[in-house]
Amino acid sequence: MPFSRFQLLRATTRSPWTRDFRHLLPVPKHFAIKQSFYDPGIKAVRVKDRIKFWNVVPGDRVRVRGDGSGTIHEVLSINRFTNRVYLKGTIREPTKGKMPVNKSVHYSKCQLLIKEMEKKAENGTIEKVHVFARRIGVRDPHWNPEFRRFDWKRVVLASIPAHVERNAGKEMVLPWPEPEAPPKPKPNTLLDTPSETVLKVTYQPPTFRSSGKAKSGVADENAYIKTLFNPSPRGFDESRPVELHLAKELSNPHSRAKKQARWQAARRRKSELLKKFVSRELLNQGDRTAREARAEAVFKWRQQMEEERRAEKKRRWFTAERLAKLARKAKRKQRKAEKQKERLTQLVLKDAPNQVIPGSSKQRRA
């Protein structure tokens, strides 16, 4: 799937993971054409110069090759189309008409920090020595379906100083940096509910008595029959929670249990209907064999199932909106027919020669 110009402008990412290799696709030449003076410029290196497996990702600590100070920087973001690595804390001086951005260096100038070691000097003092990777290799690249990304192992092939540990011929594997968790915003006392109020238990279930149904508030059969013959508004205790009175209305009709119950009921109905058809054909078997009668019963059952399916499809098609639309259409047709009839009734022809009124005396004499 090709990428758009907007995606190319937002190619700089802070994610250390490789989701796809779309950065290896060629960039259309018309993307570099600016539509106006204020449009940002799009830069991309040649496809053969782009890096497929990035071993320097956001969160790593690197040293810039050729930097005399030897300062260790943290990688802020990367751009796979330009092979640029943006360093955290290094702000480039803003120029006229441009905003200040972090300083970026080429991927080849970054030396990955492996670890810090303590080394005893000749004068007896202990000094810290930083070990950097001079060459990094890729091992076992594969697609991770669980996290939907490409994973591989980055191993150290050479280091500065030459202190690559090898245990029984095994290569030193560098762990991937852990992404920083986004900062949580502070709760707003005016808009957010305090955690104490959320955790406070305010629901108090009512106490039911076991002495009788009438005292517990549960309607029995006799009370229901009385309400049919003598309908009157039934009172309820206002102190009780309203959820007990609206249990049916508040329950979800599309829950998994209810959908499964409806599906099982439909399956049972189809099975019972098939048995009914088969038993009816076997009773009126006639000259047919039992196998032929059963086959004809199955054929009739399938026909009825198909008719019910079409009827249900037609019933679902006639929604309230469509019925209203059909009613408006029929009313419009009727109004149009009435107007046409009225125009024909009030039609008056101008006097002109060769006009004869049907059934007139002149026509009979002729």
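The following exercises, with worked solutions, concern a predicted model of one protein chain.

**Exercise 1.** Determine whether Gln111 is buried or exposed, and identify the element in which Gln111 is found.

*Solution.* Begin with the location: Gln111 is part of strand S5, which covers residues 110–120. Next, consider its relative accessibility, which is 3%. The cut-off for a buried residue is under 20%. Gln111 therefore counts as buried.

**Exercise 2.** Identify the residue whose side chain forms a polar contact with that of Gln111, and list what else Gln111 touches.

*Solution.* The side chains of Gln111 and Arg63 are joined by a polar contact of 2.5 Å. Setting aside residues up to four places away in sequence, Gln111 touches Arg61, Val62, Arg63, Arg65, Phe132, Ala133 and Ile160.

**Exercise 3.** State which residues of the largest nonpolar core touch the most other members, and which element gives the largest share of this core.

*Solution.* The core has 19 residues, and Val62, Val85 and Ile114 touch the most other members. Two or more residues come from each of strands S1 (61–64), S2 (72–79), S3 (84–91), S5, S6 (126–144) and S8 (172–174). The largest share, three residues, is given by S5. For Ile114, neighbours within four places in sequence are left aside; the contacts are then Val131, Phe132, Ala133, Val156, Ser159, Met172 and Leu174.

**Exercise 4.** Describe the chain as a whole in terms of secondary structure, burial and contacts.

*Solution.* The secondary structure comprises nine helices and eight strands. Of the 366 residues, 18% count as buried. Among contacts between residues at least 6 apart in sequence, 49% join residues at least 24 apart.

How values were computed. Residues numbered from 1 in each chain as written. Predicted model: local features only at pLDDT ≥ 70, side-chain atom pairs only at ≥ 80, totals over all residues. Heavy atoms only, no water. Helix = DSSP H or I, 4+ residues; strand = E, 2+ residues; numbered from the N terminus. Buried < 20%, exposed > 50% of the residue type's maximum accessible area, 1.4 Å probe, protein only. Polar contact = N/O pair within 3.5 Å; in protein donor to acceptor, adjacent residues only side chain to side chain. Contact = heavy atoms within 4.5 Å. Core = buried A, V, L, I, M, F, W, Y, C linked by side-chain atoms within 4.5 Å.
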